[in-house]
Amino acid sequence: MKKIVLILVAFLCSANLIILAQPVTDYVWWNPAQSTIPVIEGQGWSGKDVQNPYDRLPAKAEKSVRPVVWNLAHNAAGLMIRFRASTDQVVVRYTVSGKQALPHMPATGVSGVDLYGVNSDGDALWCAGKYTFGDTIQYRFTNLEPNDAYHKKGREYRLYLPLYNSVQWLEIGVPTGVTLTPLPVRNDKPIVIYGTSIAQGACASRPGMAWTAILGRKLDRPVINLGFSGNGRLEKEVVELLPDIDAKLYVLDCLPNLVATVGIKPDEIKARISESVKTLRKQKPNTPILLVEHAGYSEGGLNPGRRRLYTEVNELMQQAFAQLKSEGIQKLYLLPKSAINLDADATVDGTHPTDLGMQQYADAYERIIRFILNEPVGELSTMKPRTQYRDANVYDWETRHNDILDRLKNKPPRILFFGNSITHFWGGEPQGAPARGADSWNAVMKPLGVQNMGYGWDRIENVLWRVYHGELDGYAPAQIMLMIGTNNLQLNTDAEISDGLAFLIRAIQARQPNADILLIGILPRQQLEGRVAALNHRIAQVAGELNATFIQPGTMFLQPDSKINESLFGDGLHPNAEGYRQLATKLVPYLKATEPVIKGKK
């Protein structure tokens, strides 16, 4: 027996020595609240305008809104921090000021954080974290794949903050030697949501599962969450703050806090709906406004009293909406209860959504918002807008998009040339990548006022994202050139490529109906000459159906045996300087040279 005990003691000592011998990871820490650039996304006000770094209302609101609304504004619901790193682990540590859990909502939703990684194809992938809750809360995200297959530059991460608690301080750590690059708040105009506890996030299991967060990922747009638990009541003191935010869309989803049990009379509810819309419309005459009906209670089918509560306020909403429309209010929309269509298992307590209910809310919102913004998606991957980060060794995709937007605003072009690296690396501004045909670009394309809109490694769906996110807004070019699809060859069938191009052209025409569209056939590629030729026949048909001009300059790159002439290429795909010179001669006869029109200016 003693021998067994001695062996066991020796084993335990040995195990402890092994554990003690394991290396301890040292971390470098970043505090987003101390960043020199705005990095806390989801705030309508930031910097000097807020009292605390993670507040959702400006400091000036303390004097106007009710105290309970002001206190809820300290909750970090909807706030998100982006950064980029090539790392196998991320640690987040922080403190909060309130209760860490609620009876009907877990600590992971009330006080937790949530991390998503965005891969080089633009897909948001959830990261599982190990967490400990105490005076300081800590989340450890380990065993992360530092990079994907395209490069060693890492990926973007998006950290969602607690839904029902106030962050006092927060730090993000990565192992020593890893570079963490803070990413600024995105330039897109946000969707602003004024609502109740449901909008704030009750009762999501974690912050990324709040319907507002799901919607933000679906639309790939910033969302500002102004949900105030029990206190989203269309109060003028809050509504008057909303025009401070230059929004893409205003959403008013407050009926769950305006039911009869709150004590607000029906005429007052109708008046609040009407006055809220008119306040926004007065200061933001062109921004769409979405009114939302009460989504109902899960037990409404069996409980007539509860059913009556949401039925009454929804009738008031319908009356107010009809009256506003009859008065000529434009760009006003209604999301009815029937379109939200929560099922019997969609709530925790009859009112607040489970994760299933949150998904159903987000799906309903996505459908109507895509209609309002004219940003449809299709079933094919070529019809689903995506960002990308595949060519990070050469340039930064997001930076190029922002630079392009600045250039379009300050120097609107006559002609746009959308494409991939074949266009991108030809020449022109903004620079930031190798210019392999700068002489012909400067001699031919630049004098004609052509703006290079090519992004290395882009596919059809990436151009669709750019069209949906501002690259055709605010000016009126004479012509739009489009040469895209070669990077889809590895993933998509010819039908998916041609159908995706048709989908993209319709999106372009919806935004620039007066611009001539020049659809350029895909250039031949080494070992794919036959497939490209057949695909270009399909693309020509697309052009005919959509009243676009089609040209096929790629034939000049072929030898008599239909194989590519390698003397015109650098790598079997991208033209060399001579190839670009010859391509320019084929394009010039089709290019228009009229002055662009800046929308809103004479």
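Mentor: The crossing of α7 and α8 is right-handed, in a model that is predicted.

Trainee: What makes the crossing of α7 and α8 right-handed?

Mentor: A crossing takes that name if the near helix is turned clockwise from the far one by less than a right angle. The axes of α7 (residues 266–283) and α8 (residues 304–326) cross at roughly 40°, and the crossing counts as right-handed.

Trainee: Why are α7 and α8 called oblique to each other?

Mentor: Angles under 35 degrees count as roughly parallel, and 65 to 115 as roughly perpendicular. The crossing angle is roughly 40°, and α7 and α8 are therefore oblique.

Trainee: Which residues make up the contact of α7 with α8?

Mentor: On α7 they are P266, I269, K270, I273, S274, V277 and K278, and on α8 they are V313, L316, M317, Q319, A320 and L324. By class, the contact residues split into nine nonpolar, two polar and two charged. The two axes come within 9 Å.

Trainee: Turning to the sheet, why do β13 and β16 count as its edges?

Mentor: The strand order is β13-β12-β14-β15-β16 in an open sheet with parallel pairing. β13 (223–227) and β16 (332–335) each have a single partner strand, so one side of each has no neighbour in the sheet. On average, neighbouring strands are turned by 15° against each other, direction ignored.

Trainee: How do you know that β12 and β14 pair?

Mentor: Pairing needs at least two bridges. Five bridges join β12 (residues 191–195) to β14 (residues 249–253), and the two strands run parallel. As for individual positions, I191 stands opposite L249 in β14.

Trainee: Which strands does α10 lie across, and at what angle does α10 run to β16?

Mentor: Helix α10 (residues 355–373) lies across β12, β14, β15 (289–292) and β16, and its angle to β16 is about 155°. Helix α5 (residues 211–219) lies across β12, β13 and β14, at about 165° to β12.

Trainee: Now the loops. Why is Q527 called exposed?

Mentor: Exposed means over 50% relative accessible area. Q527 has 72% relative accessibility, so Q527 counts as exposed. Q527 sits in the loop between β20 (516–520) and α16 (529–545), and has a positive phi of about 70° although it is not a glycine.

Trainee: Is S562 exposed, partly exposed or buried, and why?

Mentor: Buried is under 20% and exposed over 50%; S562 is at 43% relative accessibility and therefore counts as partly exposed. Phi of S562 is positive too, near 70°.

Note on methods
Residues are numbered from 1 along each chain as its sequence is written. This is a predicted model: local features need pLDDT of at least 70, side-chain atom pairs count only at pLDDT 80 or more; totals for chains, interfaces and linings use all residues. Side-chain values use heavy atoms; hydrogens and water are left out. Helices (H or I, at least four residues) and strands (E, at least two) are DSSP runs, numbered from the N terminus. Axes are lines fitted to C-alpha atoms, for helices over the stretch in contact, and angles run from 0 to 180 degrees between N-to-C directions. Contact means heavy atoms within 4.5 Å. Angles under 35 degrees count as roughly parallel, over 145 as roughly antiparallel, 65 to 115 as roughly perpendicular and the rest as oblique. Ala, Val, Leu, Ile, Met, Phe, Trp, Tyr, Cys and Pro count as nonpolar, Asp, Glu, Lys and Arg as charged, and the others, Gly among them, as polar. Buried means under 20% relative accessible area, exposed over 50%, partly exposed in between (1.4 Å probe, protein chains only).
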